[in-house]
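Please examine the sequence and the model below. The paragraphs that follow lead through salt bridges, a ligand site and a surface patch.

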Amino acid sequence: MQSDKTFATRFGVIAATVGSAVGLGNIWRFPYECGANGGSAFLLAYIGFVIVLGIPVICAEFVVGRASGTNVAGAFRKLGAGRLWQSIGVMGITASFFIMGFYSVVAGWCMDYIWQSATGFGGVASQTELHTRFDEIVASPLRPVAWTIAFLVVNFMVISRGVQKGIERISNLLMPLLFVILAVFCVNSLLMPGAAEGMAFLFKPDFSKLDGDALLSAMGQAFFSLSVGMGALITYSSYFSKKTSLVKTAGITAALDTLVAVMAAIVIFPACFSFGQEPAAGPRLVFEVLPSIFMSLPGGQIWGTMFFILLFVASLTSTISLSEVVIACMEGEWKMSRGKATLIEGGAVTVMAVLSSLSFGALSGWTIFGMNFFNLLDFLSSNILLPAGGVLISIYVGWVLDRRIVSRQLTPPGHTRSVWVAPVSFCLRFIAPPAILAIFIFGLL
Ligand code: TRP
């Protein structure tokens, strides 16, 4: 029993952690945020935030997770932290439900689009038709709900198999597959006529576009994409062995996560420019613009099917990490069996997800603060819970937790104090808290 609570191999550690980070955030959200915020300037700001905020906060979560060796509800108590810090666990559990509630709906749309691409969208091909098609699909009463539930069933079946046999095994299998599919798409994209224009949009810096809004979006995107701020990485690092180097794992995760986001942008922008379409189409970019492009290519059905399989694979390893936060608490704190915890958590998430799926159709009249339920869940988690969690975790590891614990965790066994302890601590103390507070405040304005 206890032995299943660690990842078996070093490859498994990286596959699971990168699997958590790489998801809809990289392939669905990054390209449209980047497209809407001026392309290259957004990319540079994003990379800056990943380095000065992302990597240090990942390290902070890793320190808490491995030093305590337990779930988010128990970790801070075990390290002797007071009530305020223990509330990070409660926020993490809440954020897990909220994110699962909207994320699994988008993942359900992806599964639907695998099927639709395979059947050539029933002959529909123009962008206008695909636009209407997307609206009809998300608003229909049964279809998206059924796909979302199908997605959740797969997710919880994997989770119920445990850390090594479930999470680690599926990540080992799916992450290499994801990189291979994405690489094929990149090559194809670079051969398109609009490649040069797409690459210039992505890589030729135009700093005039870098306003306050773009900066804030870039910072929020970095947090979401790296899976930081709600304890998913605390939970995973409680499964790391003493031999895992935390700083190296954080660096590799951040690098691969950013690579996937850039690769996704390389797939999408040249295609947009080749076909004279808008890179700033927003959340519907991959569901509307890409299918219309694929359908006009030779072998379009295969490209489309492969692309949505890619999105499905990416979202599955992310939702696994999101749900594991809660499952680990139920097992560790309330001593439930994994099977029972999976059923209860699965049921609760299904209710949230069904409501959020219906909020595009039957329940669209039901709004809270002017948002439908789906957008409310996204807003509360990305704009409130994640930044609040990020600030608290940084301050806790930067200022409150015993320096010796931090230094010991960040130094691989058998080494003298790692050179990374000082810069990571500096960022956690002086850079992350004020910078994240800034998003928080501007984000709410
Ligand atoms: N990082 C994932 C993505 O980019 C989403 C995700 C998984 C996440 N676990 C998380 C986001 C924890 C915030 C916190 O799609």
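Predicted model: local features only at pLDDT ≥ 70, side-chain atom pairs only at ≥ 80, totals over all residues.

A salt bridge is counted where a side-chain nitrogen of Lys or Arg lies within 4 Å of a carboxyl oxygen of Asp or Glu. Arg338 belongs to helix 15 (residues 338-358) and Glu324 to helix 14 (residues 300-334), so the pair ties together parts 14 residues apart in sequence. Both Arg338 and Glu324 are buried. Through shared partners, salt bridges join Lys5, Glu324, Glu331 and Arg338 into one network.

The structure holds nine salt bridges. Another of them pairs Arg143 with Asp112 at 2.8 Å, N to O. Because Arg143 lies in helix 7 (residues 143-160) and Asp112 in helix 5 (residues 83-118), this pair ties together parts 31 residues apart in sequence. Asp112 is buried, at 1% relative accessible area, whereas Arg143 is partly exposed at 34%. By contrast, Glu33 and Arg29 both lie within helix 2 (residues 24-36), four residues apart; their side chains meet at 3.9 Å, N to O.

Attention now turns to the ligand. Of the 17 residues around the ligand, Ala21, Gly25, Tyr103, Phe224 and Ser227 come nearest. The Tyr103 side chain places an N or O atom 2.4 Å from a ligand oxygen, and a backbone N or O atom of Phe224 lies 2.8 Å from a ligand nitrogen. The protein buries 100% of the 360 Å² that the ligand exposes when taken alone.

On the surface, Trp399, Val400, Phe426 and Phe430 form a nonpolar patch with about 410 Å² of accessible area together. Helix 16 (373-400) and helix 18 (421-444) each supply at least two of the patch residues.

Definitions and conventions: Residues numbered from 1 in each chain as written. Heavy atoms only, no water. Patch = residues over 30% accessible without salt bridge, like charges linked within 9 Å, V, L, I, M, F, W, Y side chains within 5 Å. Areas by Shrake-Rupley, 256 points an atom, 1.4 Å probe, with all protein chains shown as cover. Near = heavy atom within 4 Å. Polar contact = N/O pair within 3.5 Å; in protein donor to acceptor, adjacent residues only side chain to side chain. Buried < 20%, exposed > 50% of the residue type's maximum accessible area, 1.4 Å probe, protein only.
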